[in-house]
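Okay, thanks everyone, I'll keep this short. Let me put the structure up and then walk you through a few spots.

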Amino acid sequence: MKAIVMAGGQGTRLRPLTVERPKPLLPLVNKPVISHIVDWLRRYGVEEIVVTLQHQAEWFQNYLSSGANQDIHIEYLIEDVPLGTAGGIALALADGLISPDESVLVVSGDVVTDFDIRSIITYHHDRQADVTVALHRVSNPLEYGMVITEADGRITQFVEKPGWAEVVSDLINTGIYVLEAKTLAMIPIGVAYDFSNDLFPRLMEQNKRIYGCPVSGYWCDVGTPAAYLQANSDILAHIVEHEPLGEHIGGEIWTGENVQIAPDAELYGPIYLGNNVQIKGGVIVHGPAVIRDDTVVDSRVNISHTVIWRGCYIGEDAEIHGAVISRQCVFKRKVLVREGAVVGDRCTVGEGAVIGQDVKLWPAKEIESGAIVRNSIVWGSRGRRVLFSRFGVTGVVNVDLTPEFCAKLGVAFGASLPKGSMVTINRDTHPSSRMLKRAIISGLPAAGIQVWDLRTQPVPVARFTTRMSDAQAGVHVRISPHDRRVVDISFMAADGLDLGRAKEREVERLFFREDFRRAQLDDIGTIDYAPDVEEQYAQAFLQRLDCDCIQNAHANIAVDYAHATTVDVLEPLLAELDVEVVGLNTRVDAQLLSILEREWEHGMEQLARIVHAMGLQFGARLDVSGSKVFLVDDQGRLIHHTVAAAIMADLVWREQPGAMVAVPVDRPAIFERLAAQYGGQVLRTKVDLYSLMTAAAHHSVPLAADGHGHFISSDFDPVPDGMFALARLTQYLAKHEVRLSELAASLPRFEWLHETIPCSWDAKGRVMRRVNEEAASYDPNTVDGVKFFLDNEHWVLVRPDPDRASLHIYVEAPTIEDAERLMSERVAWVQSLERN
């Protein structure tokens with residue numbers, strides 16, 4: 001018997017899953033719905049299939065082809081206009097795809113079933129029926145077409161989607177029919193015609209033999225997201241008969257090829273994992289769950305009763321429960337997706353965002369970090385059209401930052417500069433950075449930009465070269481020191497400083513509008529390697545130091561180079577200064593540029609032990625970029641970053657009494673106390689590196705420090721340089737014949753606390769307004785957030801995080817008990833402002 005599969009519907013109830021694909025091609029565990037139908041038909045001996053198509057017909061033809069690889073012959077009938085369920089079948093008869101004297105099996109293309117086809121055909125022939133409708137018993141017939149039959153099975157009435165007052169049967173029309181092809185002759189050609197509403201009532205009027213055959217077994221109309229989830233669950237639970245899903249690895253878990261599961265992941269079946277799926281450490285998956293090909297589920301994710309399509313990335317600590325996630329979606333860390341949510345193709349959900357119950361996101365939506373989405377989004381986007389964060393353009397490698405993305409970014413950045421400009425470009429040694437750097441390089445010349453490749457230099461060297469050359473701008477690509485999956489792309493202006501927000505907005509506008517300048521053939525930029533980069537930096541480095549003072553001191557220190565290229569630059573400079581160095585982690589290793597926080601802490605503790613055991617003057621650890629330096633004193637004690645900044649300020653004021661030192665507004669008042677001792681001044685800046693660099697570049701500021709390891713010596717270069725800060729510290733200690741431990745002990749005591757609390761993006765502005773209003777009587781400082789002094793010894797700062805849905809609260813008080821009490825009070829205060 002020949003089968004006709006009706007696959008022309010648009011699947012509107014399943015949107016957004018069907019926005020970009022027909023309903024019968026929705027993936028159901030390991031293959032599309034229509035493939036399960038083909039498997040079912042083939043099991044019962046059907047050898048020929050005609051598929052009626054209208055909506056996105058080419059998808060079916062590309063996927064199913066002729067059916068040869070499935071041991072079945074498939075032909076297609078494409079409707080130019082929608083012809084209804086019966087109109088397309090009549091067209092098949094008119095086109096000769098079916099014979100007038102044969103019986104035909106008709107199947108809806110969106111059902112999952114294991115009905116015994118032979119029993120339906122036998123029932124049809126035994127009763128010499130013109131039409132036999134496969135009937136199925138359901139507990140709630142309201143969403144289906146109810147069928148009323150006589151005792152012998154002859155159908156007397158079709159009731160489409162009855163109300164409870166009309167329900168007199170639990171038998172429904174399954175959309176599966178056996179009919180004699182001659183009955184199709186009465187259907188007008190090229191006119192929309194439906195089986196239940198048009199053909200069957202007309203046949204009944206003519207007293208044709210229409211029977212209903214109650215069939216046991218499994219049947220599901222995959223017409224809604226809830227039914228789609230249920231069908232996936234039923235296949236996994238073997239409630240419906242199906243072909244093998246893949247390799248069974250135990251525990252009701254089936255996998256495709258090349259699946260990676262971390263040893264400490266917890267998987268509770270039934271679960272299907274597609275080809276190349278990666279399940280990272282600490283992940284918990286409660287079945288029924290489907291995770292399809294090429295999806296990465298990152299550490300500590302919690303998933304239950306969910307279907308995730310191919311090519312998705314689920315970030316750390318995310319939770320997804322009872323949802324359907326379409327293909328190529330990106331969920332950042334700590335995202336929460338509630339039951340009933342449906343997310344369309346290529347959506348990006350920012351860190352900490354919440355997708356509410358039954359929310360639907362149409363394709364290509366961007367949800368900003370911390371957003372709480374309570375209503376479906378069809379048009380537009382909740383995402384901010386923002387590329388830049390505090391670390392530049394940042395994202396997961398090959399998820400957010402792909403080669404094609406970076407090539408486009410290169411063109412956009414190049415288009416923001418005058419044609420013919422030169423741009424320096426630099427990277428660390430990691431393969432991810434190399435790949436994305438080359439993609440950016442491919443984009444810059446397309447906008448008429450000359451590229452000067454610095455190869456692999458520490459960031460301070462790249463900033464220095466950009467400032468001292470004819471470059472109009474610079475780019476640095478690095479693996480994040482905090483997360484090896486993430487790459488940071490930082491951009492700098494001609495002076496080596498960060499771009500600034502105005503220029504970042506210009507690049508964002510060009511990027512999102514794709515309003516690029518395209519260079520003509522003769523204007524395409526060139527790519528060259530920059531000469532003598534390290535030599536020029538080294539020459540300026542030594543010129544700004546008192547080399548005789550350092551050389552005469554014969555200092556002995558320990559330096560941890562963190563496996564980065566800083567060793568190639570700083571080690572020969574310290575040798576020329578006659579500094580005896582115990583070098584740690586001197587081997588450049590791309591795989592160790594990004595380490596966990598506990599590994600960093602272990603490295604600092606190891607440095608402290610070495611300094612103490614060998615009686616060295618101090619120890620220093622550079623970050624992988626060379627921009628930061630972290631200190632250990634001569635007693636082997638770790639020096640807090642803010643204390644290190646205060647020590648450097650103290651030494652600067654000893655050299656230059658009355659000078660101005662720049663620090664961010666969130667650092668404690670120890671800097672004002674030290675300034676008072678030396679007649680100095682303190683310039684408070686915003687809490688970002690760009691503001692600190694700007695202060696160093698445009699004010700008479702010999703030192704700018706952020707209390708996070710960044711030190712700027714503006715007489716050398718108005719940018720953070722941990723290598724130069726280390727050398728300058730060595731000079732100061734030698735000149736003043738003082739030890740780090742002595743300086744730390746001499747500092748004024750302070751008790752300063754910082755806490756971060758969540759605050760939704762929608763509430764941030766309102767909360768900050770309330771904070772400013774209620775602090776008005778204290779004459780608040782609003783350089784960055786709202787800072788107010790309760791008295792001379794107690795102050796509070798509330799500052800919104802620019803990248804996350806959170807607020808920062810800082811307090812200072814004379815004692816730790818006082819500071820803890822003040823912090824507790826102010827956290828409760830700010831939280832009450834958000835609630836009210």
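So, to start: is Leu77 buried or exposed? Bear in mind that this is a predicted model. Leu77 has a relative accessible area of 3%, and the cut-off for buried is under 20%, so Leu77 counts as buried. You'll find Leu77 in strand E5, residues 73-78. Setting aside residues up to four places away in sequence, Leu77 touches Val50, Val51, Thr52, Leu53, Gly88, Leu91, Ala92, Asp95 and Leu97. Take Thr52 from that list: Thr52 and Leu77 are 25 residues apart along the chain, yet their C-alpha atoms are separated by 4.7 Å.

Next, a helix pair. H11 is residues 533-543 and H13 is residues 566-576; their axes come within 11 Å and cross at roughly 40°. That angle makes H11 oblique to H13, and the crossing is right-handed. Who's making the contact? On the H11 side we have Glu534, Tyr537, Ala538, Phe541 and Leu542, and H13 brings Asp568, Val569, Leu570, Leu573 and Glu576. Sort those contact residues by type and you get seven nonpolar, three charged and no polar.

Last stop, H15, residues 641-655. Among the buried ones are Ala644, Ala645, Ala646 and Ala649, along with Met648, Asp650 and Trp653.

That's my tour, happy to take questions.

Note on methods:
Residues are numbered from 1 along each chain as its sequence is written. This is a predicted model: local features need pLDDT of at least 70, side-chain atom pairs count only at pLDDT 80 or more; totals for chains, interfaces and linings use all residues. Side-chain values use heavy atoms; hydrogens and water are left out. Axes are lines fitted to C-alpha atoms, for helices over the stretch in contact, and angles run from 0 to 180 degrees between N-to-C directions. Helices (H or I, at least four residues) and strands (E, at least two) are DSSP runs, numbered from the N terminus. Angles under 35 degrees count as roughly parallel, over 145 as roughly antiparallel, 65 to 115 as roughly perpendicular and the rest as oblique. A crossing is left-handed if the near helix is turned anticlockwise from the far one by less than a right angle, and right-handed if clockwise. Contact means heavy atoms within 4.5 Å. Ala, Val, Leu, Ile, Met, Phe, Trp, Tyr, Cys and Pro count as nonpolar, Asp, Glu, Lys and Arg as charged, and the others, Gly among them, as polar. The expected span of a helix is 1.5 Å times one less than its number of residues. Buried means under 20% relative accessible area, exposed over 50%, partly exposed in between (1.4 Å probe, protein chains only).
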